[in-house]
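Subject: Handover of a structure

Dear colleague,

Please find below the structure that I am passing on to you. My notes on what was found in it follow directly after.

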Amino acid sequence: MGSKIITFVLGGREVEVMVKPMTTLQAVLRYQLGYTAVKEGCRQGGCGSCTVLVEGEPMMSCLLPVEDVAGMHVTTLEAITPADGLDRVQQAFLEHGAFQCGYCTPGMIVVSKALLGHNPRPTRQEIVDAFAGNICRCTGYEPIIAAVEGAARASASKAAQPG
Amino acid sequence: MSPALNVVGRSVPRSDGIGHVTGRTQFATDHSFPGMLHLKIVRSPVHHARIRRIDLSEAERVPGFVCALTHADVPHNVYTILGLIGVEPEEEFVLAEDRARYKGEPIAAIVAESEEAALDAVARVKLDLEELPAVFDVEEALKPGAPIVTHWGNNTFMYEGHPCRRVRFGDVEEAFARADHIVEGVYNTKPIEQAPIETTGCIAVPEANGRYTVYTNTQAVYFSLDNTSIILQIPGNRLHFVGGTVGGGFGGKVDVIVEPLATLAAMKTNRPVKYAYSRSEEMQVSSTRSAWRIYVKDGVMRDGRIIARKVTSYADSGAYSRQTPYALTKHAANASGPYAIPNVSIDAYCVYTNRVPSSAMRGFGITMASFALEVQMDKIAEVAGLDPWSIRFINAYRDGDIKPHRKVVEDATLIETMQAAAALVGQDLPAEFRAMTSARRSEGGA
Ligand code: FES
Ligand code: FES
């Protein structure tokens, strides 16, 4: 089967890629476009290290044919990092020691961003549920949960400030 | 406070922290290079087989096929990872020769333009194998008539001429004869896969100056470099290994698996070559923690003192020993536990079977001893009619005690650790245990 041209919006910028049918979004992001914050722990939907946001929803990019995101907004960790400094979630991961090797971290942060986007004050159980598809082999999940709670608190206190 | 002590006692940001939270950290296979080739392995589909013929003819016709490597292409095909520290004999085949000794053993490597082409070609390699009887249990492997796994004729690693690592201290048989109780136990553990989220992998890149840069996630950069230099018979200064960023290892990335073949393929093709495990390779063919069987026999007095301990341990090293001989040595040094026992005898066997080779994982050799011995301690407590705390305080080692392998104990903290643990869980200890310390018995350690 021949290749196709697919267009989607990556981190706010339109990109056009030429792909064979069934090429995954993960392969396009990592190997055609060089977005290596998208990790590759299993390529079978088992680890969550490849999670990206599609229209704001966390998706495992290894299970997604890139055709399926044609015309959509895709956000990787690269686009979550502000031009200056760190996003509040990134800062919280740093402060809470929410990683050791760092290989699961991009997926964890992307999931956290999506969760806090929908639900700025999640309960502990909601945080735990959000990470149902993400495995960390090093850190243990407590510091990761604490980081999300910390980021939620930081947002709340910022929102409470006048001005 | 001395100005030199500006780190101790403070939280210091990790130097790689920003890289990890921004995803800018480059792990080995995050690199990619123009013209990069992909290497995939033809693996033994059975546990033990004579290899009669490898037919590559169909694989070679796959579009994108570049080359295949077999044992004949590997300059020094038989190696031992720990050879660097004098462990003998050389035993593991980079690519199998006349025999495959475990299911998943590498038999040939296929190099192709794309990963898909490499996998397609791997699937088209025809192996003519004669399946042989296989052995999967450590004690079965030591019985007369068991299938022999090694190329030297028995199934044990030899320690200075002995089939096991031995420790002898005092006289266990004499002590057993006068003990009030004999407590015996057998403890089995299964292999455990380290399962790092980043799979084992590397990319070898030929440089203009005749050197090879190897981006790798090995946990042991110089072990990998030196073994690669031996296997490829090229001086180490032609190899530049870039590592240190490991997406989880836990011991699973200390063996030398991907770098020699990726570098050999880069030498043959003069192009960058990537060799990274799939998740299923990581789970099925990478080294595991060994399976163990540990027999413990203790002679115990009515008051709870253990006066004799005999341990016979078998670690299943799988088809090749990798780091397991070293695990047994550590095990033998610790198989009496953190206890003062005057009579000890330990035999620790590193046994070859047709299972996937086992190797390092977090405290390997020791963890399994602790599991067996601490369950055994609870058993002893029951038999002696004591509680689990008492049996451990009564037998705890102190500074100045001699361990069975003739090491004088220094900086013992078992007693203090147990006291702290008891406080944390709200366990009231009798006054005599609260007053105990690890200080030398001669200096008032009671
Ligand atoms: S790589 Fe996509 S879930 Fe593991
Ligand atoms: S930090 Fe290593 S897998 Fe999560």
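In chain A of this predicted model, the axes of helix 3 (residues 88–95) and helix 6 (residues 142–160) come within 8 Å and cross at roughly 130°. Axes here are lines fitted to C-alpha atoms, for helices over the stretch in contact, with angles running from 0 to 180 degrees between N-to-C directions. Helices (H or I, at least four residues) and strands (E, at least two) are DSSP runs, numbered from the N terminus. The angle makes helix 3 of chain A oblique to helix 6 of chain A, since angles under 35 degrees count as roughly parallel, over 145 as roughly antiparallel, 65 to 115 as roughly perpendicular and the rest as oblique.

On the side of helix 3 of chain A, the residues that meet helix 6 of chain A are R88(A), V89(A), A92(A) and F93(A); their partners are I144(A), A147(A), V148(A), A151(A), A154(A), S155(A) and K158(A). Contact means heavy atoms within 4.5 Å. By class, this contact has 8 nonpolar, 1 polar and 2 charged residues (Ala, Val, Leu, Ile, Met, Phe, Trp, Tyr, Cys and Pro count as nonpolar, Asp, Glu, Lys and Arg as charged, and the others, Gly among them, as polar).

Turning to the two chains, 27 residues of chain B are in contact with 29 residues of chain A. About 2,200 Å² is buried between them, with carbon and sulfur atoms giving 57%; buried area is the accessible area (1.4 Å probe) that two parts lose on being put together, summed over both. H20(B), V21(B) and I197(B) supply 30% of the area that chain B buries against chain A, more than any other three residues.

The interface of chain B and chain A has 3 salt bridges, each a side-chain nitrogen of Lys or Arg within 4 Å of a carboxyl oxygen of Asp or Glu. R30(A) forms a salt bridge with D30(B), their closest N and O atoms being 2.9 Å apart. Within chain A, K113(A) and D87(A) meet in a salt bridge of 2.8 Å, N to O.

A cis peptide bond, with omega about -5°, joins E88(B) and P89(B).

As to conventions, residues are numbered from 1 along each chain as its sequence is written, and chains are lettered from A and ligands numbered from 1 in the order in which they are written. Local features need pLDDT of at least 70, side-chain atom pairs count only at pLDDT 80 or more, and totals for chains, interfaces and linings use all residues, while side-chain values use heavy atoms, leaving out hydrogens and water.

Yours sincerely
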